[in-house]
Amino acid sequence: MGTDHWDDGQLDFIPETLAGGVASPFVIRLSDFAAVFQVRSPVIRVASFTGALRVILREQMDEQWEISSPAKEKSFEEWRKTVDKIIRLSVRLVPPSSGEGESETDQLITEMRLDSASLELKSESGIETNGSIAQQILDHVDCGHVQASATGVRENGEVSAETVWDSQLHGESLITTIAVDQKTGEATFESLFEEVETMELGETF
């Protein structure tokens with residue numbers, strides 16, 4: 001299936017052929033524009049979907065649109081304390097606004113004359129975020145200088161649940177398990193409608 005795939009690094013749509021026609025069904029509640037959608041990892045994640053939707057709205061409506069999480073806003077550090085481990089961290093670095101930065105990551109961007117740099121970090125055992133370079137990157141995240149998305153795991157006995165924090169959403173995404181079509185793997189619109197009908201803006205975890 002030919003489609004335009006949203007690229008987090010380039011912040012644009014890239015023509016791509018997706019095996020099996022992977023798509024992300026979604027529903028928007030028109031009364032307050034609350035939305036629910038299906039995550040289809042590794043092709044469609046929270047940041048991929050919201051980034052693509054933001055661009056579509058801006059281009060079609062010729063207005064500036066922002067997409068935020070219905071949950072209470074929280075910094076990366078606040079969210080980090082609520083998860084047992086981080087298994088994925090995606091970061092997009094850009095040149096420092098002053099032209100020269102003090103951190104090693106700023107120097108990397110400046111010395112190599114980069115327009116941007118994308119990091120995709122993965123570790124099933126958990127990413128260590130207390131090191132010096134990691135802290136430099138995360139300091140930029142909390143200051144709003146870079147875009148970042150992190151997937152964490154919360155353990156509850158034998159049950160574990162994934163949660164996603166995204167800098168552009170200014171907080172955590174609400175993730176629930178719903179029924180999917182056994183043939184296509186896509187969430188049914190009935191399930192999505194049920195989710196959006198019961199969704200309350202300003203929910204907390």
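User: Where does R54 lie, and why is R54 called buried or exposed?

Analyst: R54 lies in helix α1, residues 46-61. Helices here are DSSP runs of H or I with at least four residues, strands are runs of E with at least two, and both are numbered from the N terminus. Buried means under 20% relative accessible area, exposed means over 50%, and partly exposed is in between (1.4 Å probe, protein chains only). R54 has a relative accessible area of 5%, so R54 is buried.

User: What kind of model is this, and how are residues numbered?

Analyst: This is a predicted model, in which local features need pLDDT of at least 70 and side-chain atom pairs count only at pLDDT 80 or more, while totals for chains, interfaces and linings use all residues. Residues are numbered from 1 along each chain as its sequence is written, and side-chain values use heavy atoms, with hydrogens and water left out.

User: Which residues is R54 in contact with, leaving aside neighbours within four places in sequence?

Analyst: Contact means heavy atoms within 4.5 Å. With those neighbours left aside, R54 is in contact with W65, E66, I67, Q168 and L169.

User: What makes K74 buried or exposed?

Analyst: The relative accessible area of K74 is 19%. That value falls under the 20% limit, so K74 is buried. K74 sits in the loop between α1 and α2 (76-80). Leaving aside neighbours within four places in sequence, K74 is in contact with W79, W165, H170, G171 and E172.

User: How do you know whether I87 is buried or exposed, and where is I87 placed?

Analyst: I87 is in strand β5, residues 85-93. The relative accessibility of I87 is 5%, so I87 counts as buried. Not counting residues up to four places away in sequence, I87 touches L121, K122, S123, E124, I127, T151, V153 and E162. Take T151 from that list. I87 and T151 are 64 residues apart in sequence and 5.9 Å apart in space, C-alpha to C-alpha.

User: Why do the side chains of D32 and R29 count as a salt bridge?

Analyst: A salt bridge is a side-chain nitrogen of Lys or Arg within 4 Å of a carboxyl oxygen of Asp or Glu. For D32 and R29, the N to O distance is 2.8 Å. That is within the cut-off, so the pair is a salt bridge. Side chains of opposite charge can pair when their charged atoms come close. By this rule the count comes to one salt bridge. D32 is partly exposed at 29% relative accessibility, and R29 is buried at 18%.

User: What makes F26, I28, L30 and F33 a nonpolar patch?

Analyst: Patches are made of residues with over 30% relative accessible area and no salt bridge; nonpolar side chains (Val, Leu, Ile, Met, Phe, Trp, Tyr) are joined within 5 Å, and like charges within 9 Å. F26, in strand β3, has 38% relative accessibility and counts as partly exposed. F33 has 52%, so F33 counts as exposed. Together the four residues of the patch have about 410 Å² of accessible area. Such areas come from the Shrake-Rupley method with a 1.4 Å probe, and for residues only the protein chains shown count as cover.

User: Which residues gather in the negative patch, and which helices supply them?

Analyst: E77, E78, D139 and D142 gather on the surface in a patch of negative charge. Asp and Glu count as negative and Lys and Arg as positive, while His and the chain ends are not counted. The place of a charge is NZ of Lys, CZ of Arg, CG of Asp or CD of Glu. Helices α2 and α4 (132-142) each supply at least two residues of the patch. E78, placed in α2, is partly exposed at 45% relative accessibility.

User: Where is R113, and what is its phi?

Analyst: R113 lies in the loop between α3 (104-111) and β6 (117-122). Phi of R113 is near 55 degrees, a positive value in a residue other than glycine. R113 counts as exposed, because its relative accessibility is 76%.

User: How many helices and strands does the protein chain have?

Analyst: The protein chain has five helices and nine strands. Buried residues make up 37% of its 205 residues.
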